Structure formats: structure tokens, C-alpha cells
Amino acid sequence: MSTATRPHRPLSQVIGIPPVREVHAPAWFNRLPTWLSTGGIVLVLMVVSTVLRTRQLSGELWFNEGIAVGIAQHSLGDLPGLVRGGGGSPLYYVLLHFWIDALGSTSSDVHWLSELLALLTIPAAMWLGWSLGGRRAGIFAAILFAFSAYMTQFAEEAQPYELLVLLSLLTTAGFVHGFVYRRRRYLWLFAVGLEAMLYTQPTAGLYAFGAGCALGVVYWLGSAEARAGFVRDAAICLVGVALFYLPWLPTTIHQIGHDTSPWHYAPIVGAALPSQITGGDRVDVTLLVSLLVGCAPLAVAARRRSPEAVTIWALIVLAVLGILLARVGSVAGPTWVSRYFGVMVAPILLLAALGSARARVVGVIAIALTIAFCANPGSFAPGHKSDMQEIAAQMGPLLHQGDAVAVAQPEQAPLAYYYLPAGLRWSTTLGPLSRPSVMNWSGAYGRLQAAAPSTTIGGVVASLKTGQQLLVVRPLTEGAMNWKAPWPQLVRRRAAQWGKILDQDVADGTLAAVAVAPANYPSACCVASSAVLYRKAR
């Protein structure tokens with residue numbers, strides 16, 4: 001009795017739904033040389049991305065950018081110590097240091113570094129998507145990175161997040177090529193990329209955790225041939241990354257144990273997934289539908305262990321478990337903040353591109369809708385980040401050498417220092433500042449608790465000679481949800497206590513109010529300030 005193998009039936013027939021219609025490029029496009037069509041697409045996407053992400057390139061900095069620029073302007077020898085107190089990891093600050101040396105430190109200068117890093121992700125995404133899923137996957141990946149809402153938000157900020165996305169993309173390329181397709185020449189890219197990510201921001205540990213779990217999935221689903229040497233390669237890469245990170249590990253441990261976390265306000269119960277990673281709930285749903293349609297055929301037994309399927313499962317595990325770790329970690333630290341998910345942007349967008357490329361017409365529609373949803377940069381990038389520039393423009397001409405500046409919100413001091421003229425004396429509610437261009441978060445909450453307002457602001461007033469001036473910069477805290485956390489609440493209390501002391505000094509004739517700023521209060525996304533200029537009367 002002979003046994004015949006049953007013919008394979010498409011999944012659409014098995015579950016009783018019609019097949020998804022295919023979409024083909026126009027004939028004239030297919031006749032173009034590959035280098036011309038591909039290069040043209042990449043060039044157009046880079047131009048469009050530049051237009052979208054440079055509308056506010058010369059706009060004002062906010063305090064996190066002020067801290068970053070202040071750290072980067074110091075010597076390379078000083079950077080490790082300053083980063084230790086300022087939080088984060090040193091790689092971005094080293095790059096920004098050389099960038100400022102070469103081009104300058106104006107807001108447009110420092111923003112261009114982030115924009116350049118964002119642009120580099122587009123050809124990199126095209127290459128990676130094409131190498132894994134064909135030409136359509138490459139084009140879709142390039143489009144998603146060109147219109148990424150996350151990257152649009154941070155392309156005009158002097159922050160490490162664009163660098164983190166680029167490194168995450170390259171690391172993911174090394175992971176998939178090296179471990180899923182067993183192209184061992186890419187293993188170095190995974191190891192070096194992961195190391196660079198860890199030296200860019202500690203939250204790269206979320207990616208490392210997700211990648212470690214994904215390695216288990218790849219090994220479990222891989223063939224006997226693919227498993228040969230797999231454990232050895234994974235061990236060499238991960239142990240190598242750990243060894244090269246050892247010099248910075250004590251600093252990371254110190255930061256975890258001592259740094260004050262200014263915006264840790266998201267509770268573990270009830271906090272929603274930061275949808276800004278892709279561009280909001282509409283984009284999440286659109287890409288999810290496309291992913292399900294495109295990847296459903298890979299669920300059949302005959303294709304479940306194919307390299308294409310293993311790539312999809314590995315990326316899902318990497319992203320989901322990395323985000324889950326952040327969710328659990330939010331109990332102890334500020335890991336549930338959208339900007340810290342830069343490490344997950346590349347795996348998620350690559351996953352969406354690969355799934356959409358397989359979804360035929362559904363994928364094309366999903367990518368078109370994503371472009372429409374993300375084409376307005378004003379929906380993601382704030383138009384006005386801070387009013388410190390306006391305050392400095394109004395108050396700077398009134399200040400003289402030797403006048404004092406007292407900042408009631410300590411982390412705003414580097415930003416004020418960036419905009420105000422040189423030759424001033426600086427202090428905050430923490431006390432006098434020897435380096436006003438940086439913020440030391442190490443033990444800041446305890447130090448602010450111990451700093452008596454009568455001593456900090458009283459000492460500054462007492463140090464003024466008759467006729468000298470004192471510029472006091474206070475945060476505008478009314479109605480802001482960010483002021484519910486322990487640090488902002490204490491900052492708000494200290495600012496109010498300073499205000500009461502200064503009002504008393506005005507009442508008894510010690511000080512006289514000279515000017516106030518800003519003249520108007522445009523809405524600022526990242527903490528606005530007000531300022532009063534006093535003159536010592538007696």
C-alpha cells in the first residue's frame with residue numbers, strides 16, 4: 001500500500017479566508033537599474049526626512065539638552081566623572097564633544113548631529129530589510145525609519161536617542177544575520193553594536209535582555225546544522241560584551257544606587273505602553289494588522305522553523321521581553337518613559353517592515369497609512385521646548401560682571417548658563433555652583449533636603465554689594481503632572497520657600513525688584529521658567 005504525501009495547502013484555504021492580493025511595481029520602475037531605483041528611493045526619503053525633522057533645528061534647548069551640551073564642552077578627561085554625576089553613559093558625549101569642537105555649540109549645530117544620525121538609519125534600514133526579506137522589505141524599512149515618529153521627536157534634540165536607534169539597528173542586523181542565518185562574519189557587528197549601545201545609555205540593558213531571550217528561541221527553533229557552534233558563538237559575543245563593559249559597570253551601579261530620578265512618576269499599575277515608539281495607537285494597530293496578515297502563513301508546521309519565521313519570532317521575543325523588563329523595572333527606576341525605548345525602535349520597525357512586505361496589498365496600505373499618520377512632525381516634535389532663551393534675551397543685557405544668578409530648579413542651571421552671559425556667580429537651591437554647566441544628580445534629592453533655603457538664597461543675598469544684582473530663575477509648576485514625583489515636589493517647595501524669603505527682603509528694603517521675564521508665557525513642553533531681577537538696595 002503506497003502512501004502519498006498530501007499537497008500543501010495555503011493557510012488562507014485552511015482557515016477559509018480568501019488569499020491576499022499581490023501588488024506589483026509599475027513596469028517602468030522594474031526596468032530601471034537597481035542601483036538607480038534603490039538609490040533614488042533612499043535619496044528621496046532622506047530629503048523628505050530632512051524636511052520633516054529640521055523645522056525647529058535652530059529652536060531653543062531644554063534643560064536635558066543644556067546638561068548634555070554642558071558636559072560635552074568639557075575636556076575628554078573630565079567627561080567620565082561628569083557623566084557619572086550627570087547620568088547616562090559616555091559615548092554620545094564623546095561624539096558631541098568632537099562635534100562641538102568642529103562645528104560649534106549653537107542649538108542648530110548640536111541638533112544637526114542628531115539629524116545626521118537619524119538620516120543614516122534610512123540607508124541602513126534599506127540594506128537590512130532587503131538582505132532579510134527582499135527589495136520590498138528594504139523599501140518598507142527605509143520608509144518606516146524615514147517617517148518614524150520617535151525619531152522625528154528626537155532628531156532636533158541634543159540627546160543620545162538617535163544614536164541609540166542607529167546602533168540598535170546595526171546590532172539587530174548582526175543578531176539576525178549572525179545567529180538566525182548563521183552568517184558568522186556578522187557576529188562582530190552584534191557584539192560591537194551591543195557594546196556601543198551600553199556605552200550610550202544604560203537602558204540598552206533592556207535590549208541585551210531581550211536579545212538573550214531571543215537567542216534561546218533561535219536555538220530552539222534552529223536546525224541541527226544551524227545549532228552547530230551556536231552556543232559557542234553566543235557565549236563569545238555575550239561574554240566579550242560583558243568584559244568590555246566592566247570598566248563602566250561600577251559607574252552604572254553607582255548611578256542606579258545614588259542618582260536622583262527627576263521624572264519617575266509612572267506607576268506600575270495602570271501605565272500604558274508608550275505608543276510614541278511607532279507614532280500612536282493608530283500606527284500600532286495598522287502595523288499590527290499588517291504583521292498578522294503577513295506572518296500568518298509562517299505559522300504552519302512546514303514553515304515554522306524557516307529562517308524567515310525564526311527571524312519574526314526572534315524579533316517579537318526581543319521586543320516584547322525587553323519592554324516587559326522595563327515594565328517590571330519601572331517599580332525601582334524611571335524605565336517606563338517613552339524616550340528610554342529607543343533601543344526597541346529598530347527591532348519593532350524592522351519587524352513591521354518584514355511583516356508588511358509579506359502582507360501584499362495589506363502591507364502596502366499599512367505603510368501608506370503609516371506615512372499619512374506620521375507625516376505631520378508637529379504631532380510628535382514639540383514646537384516650544386523651553387522659555388529660557390527668552391528669559392536670557394530679556395535679562396542678559398541688564399546683567400553685569402559679578403552679578404549673581406540663583407536657579408530654584410537645579411537641573412535648569414546648565415541651560416541658564418548656556419544662554420546667559422559669562423562672568424556671573426551661580427547658585428541653586430543646592431548651594432553655590434563651581435561648574436554651572438553641569439548637573440550632578442548623585443544624591444541630589446538628599447542634598448536638596450539638607451540644603452536650608454535661608455542658607456542657600458540668604459547667603460547669595462548677603463554676598464551682594466550695594467548696587468549689585470541678583471537674577472532669580474524659578475520653575476513654573478502650576479498644573480504640570482511632572483511635578484507629582486518626589487524630586488519635583490521638593491524642587492517646587494524649595495522654590496516657594498525662596499520666593500517667601502525674597503519677598504521679605506523686598507519688604508524690608510534689602511532688595512528692589514528691577515525687571516521680570518519672560519514678557520509672555522508661550523506653552524513649553526519641558527518645564528517653563530520665570531525670572532525676577534533684583535538690585536541690592538542696602
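Mentor: Ala, Val, Leu, Ile, Met, Phe, Trp, Tyr, Cys and Pro count as nonpolar, Asp, Glu, Lys and Arg as charged, and the others, Gly among them, as polar. The model is predicted: local features need pLDDT of at least 70 and side-chain atom pairs 80 or more, while totals for chains, interfaces and linings use all residues. Residues are numbered from 1 along each chain, and side-chain values use heavy atoms, without hydrogens and water.

Trainee: How many residues lining the largest cavity are charged?

Mentor: A cavity is a set of points on a 1 Å grid over the protein atoms alone where a 1.4 Å probe fits but cannot get out, and lining residues have an atom within 4 Å of a point. The largest has a volume of about 70 Å³, the space filled by probe spheres on points joined across faces, edges and corners. Its lining includes Glu 60, Glu 156 and Lys 385. The lining divides into 2 nonpolar, 5 polar and, as charged residues, 4.

Trainee: How many charged residues line the second largest cavity?

Mentor: This cavity holds about 50 Å³ of space. Phe 147, Leu 287 and Cys 374 are among its lining residues. The division is 6 nonpolar, 3 polar and, for charged, none.

Trainee: Which residue in β6 stands opposite Ala 512?

Mentor: Strands are DSSP runs of E, at least two residues long, numbered from the N terminus, and two pair if DSSP finds at least two bridges between them. The open, mixed sheet runs β3-β2-β1-β4-β6-β5, with β3 (431-432) and β5 (511-517) as edge strands. β5 and β6 (529-536) pair antiparallel over 6 bridges. Opposite Ala 512 stands Arg 535.

Conventions:
Helix = DSSP H or I, 4+ residues; strand = E, 2+ residues; numbered from the N terminus. 1 Å grid on protein atoms, 1.4 Å probe; cavity = no way out; pocket = protein on both sides within 12 Å on 5 of 7 lines; lining within 4 Å.
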